Amino acid sequence: MTVVLIGPPASGKSRIGKRIARVLGTAFVDTDSRVAAAHGPIPDIFATHGEPHFRSLERAEVVAALATDAVVAFGGGAVLDPDTQHDLSRHDVVLFTVDPSAVAARLTNGKRPLVPDVDAWIRVWERRRDLYERLADVTFDTTSRPTDDIALEVAEWVRERSTAGLATPSDAARSSDLSTPVSSTEERR
């Protein structure tokens with residue numbers, strides 16, 4: 001079982017993903033962390049080699065991560081690659097969203113070269129929102145809810161899909177009717 005977490009930068013994919021993996025008793029993989037471990041800090045990669053080079057490194061880590069049984073947190077832009085989009089059709093995909101009002105406090109570490117401030121974050125979110133929603137099976141808002149609550153709800157969703165035999169999605173439309181503040185993304189890739 002591979003569960004992929006997608007969403008804009010600072011939406012909590014890494015933080016919550018670790019907790020989801022713990023609840024499910026599986027491994028956790030963060031593709032950005034793997035890139036940084038192998039090639040140095042991401043802002044340095046952007047500054048020295050540019051975004052296209054970073055995206056090629058990222059794609060390699062995405063391929064490796066998707067071959068594992070794990071909860072996998074993608075960097076915010078990993079879904080821009082058409083091959084990655086295609087690969088996601090074979091996995092359960094969870095979209096984390098967050099309100100811009102909660103983002104400022106999450107951007108203070110300087111690790112996100114494309115979103116140094118809330119205005120840049122909003123522009124990135126607006127450009128990618130439709131893509132994220134198209135790729136996702138289910139959406140969880142991470143704006144103000146406790147991290148552990150979100151992790152438990154995602155783990156419950158994963159278990160329900162696994163029990164229902166939906167762990168490997170087909171090309172049919174996906175949906176999940178979970179209670180608020182979780183919203184279903186019904187449009188399929």
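In this predicted model, the protein chain holds eight helices and six strands, which follow one another along the sequence in the pattern β-α-β-α-α-α-β-α-β-α-α-β-α-β.

Helix α2, residues 31-39, packs against helix α4, residues 51-66, at an angle of about 120 degrees, and the two axes are 9 Å apart. The crossing in which α2 passes α4 is right-handed. The residues that make the contact are listed by helix below.

| Helix | Residues in the contact |
|---|---|
| α2 | T31, D32, R34, V35 and H39 |
| α4 | F54, L57, E58, E61, V62, A64 and A65 |

Sorted by class, the contact of α2 with α4 comprises six nonpolar, two polar and four charged residues.

The length of α4 can also be checked: at 1.5 Å a residue, its 16 residues should span 22 Å, and since the end C-alpha atoms of α4 are 22 Å apart, the two values agree. The buried residues of α4 are F54, R55, L57, E58, R59, E61, V62, A65 and L66. An α-helix has 3.6 residues a turn, so residues three or four places apart point the same way. Within α4, the residues F54, L57, E58, E61, V62 and A65 are buried and also take part in the contact with α2.

Note on methods
Residues numbered from 1 in each chain as written. Predicted model: local features only at pLDDT ≥ 70, side-chain atom pairs only at ≥ 80, totals over all residues. Heavy atoms only, no water. Axes fitted to C-alpha atoms, helices over the stretch in contact; angles between N-to-C directions. Helix = DSSP H or I, 4+ residues; strand = E, 2+ residues; numbered from the N terminus. Left-handed = near helix turned anticlockwise from the far one by under 90°. Contact = heavy atoms within 4.5 Å. Nonpolar A, V, L, I, M, F, W, Y, C, P; charged D, E, K, R; others polar. Expected span 1.5 Å × (residues − 1). Buried < 20%, exposed > 50% of the residue type's maximum accessible area, 1.4 Å probe, protein only.
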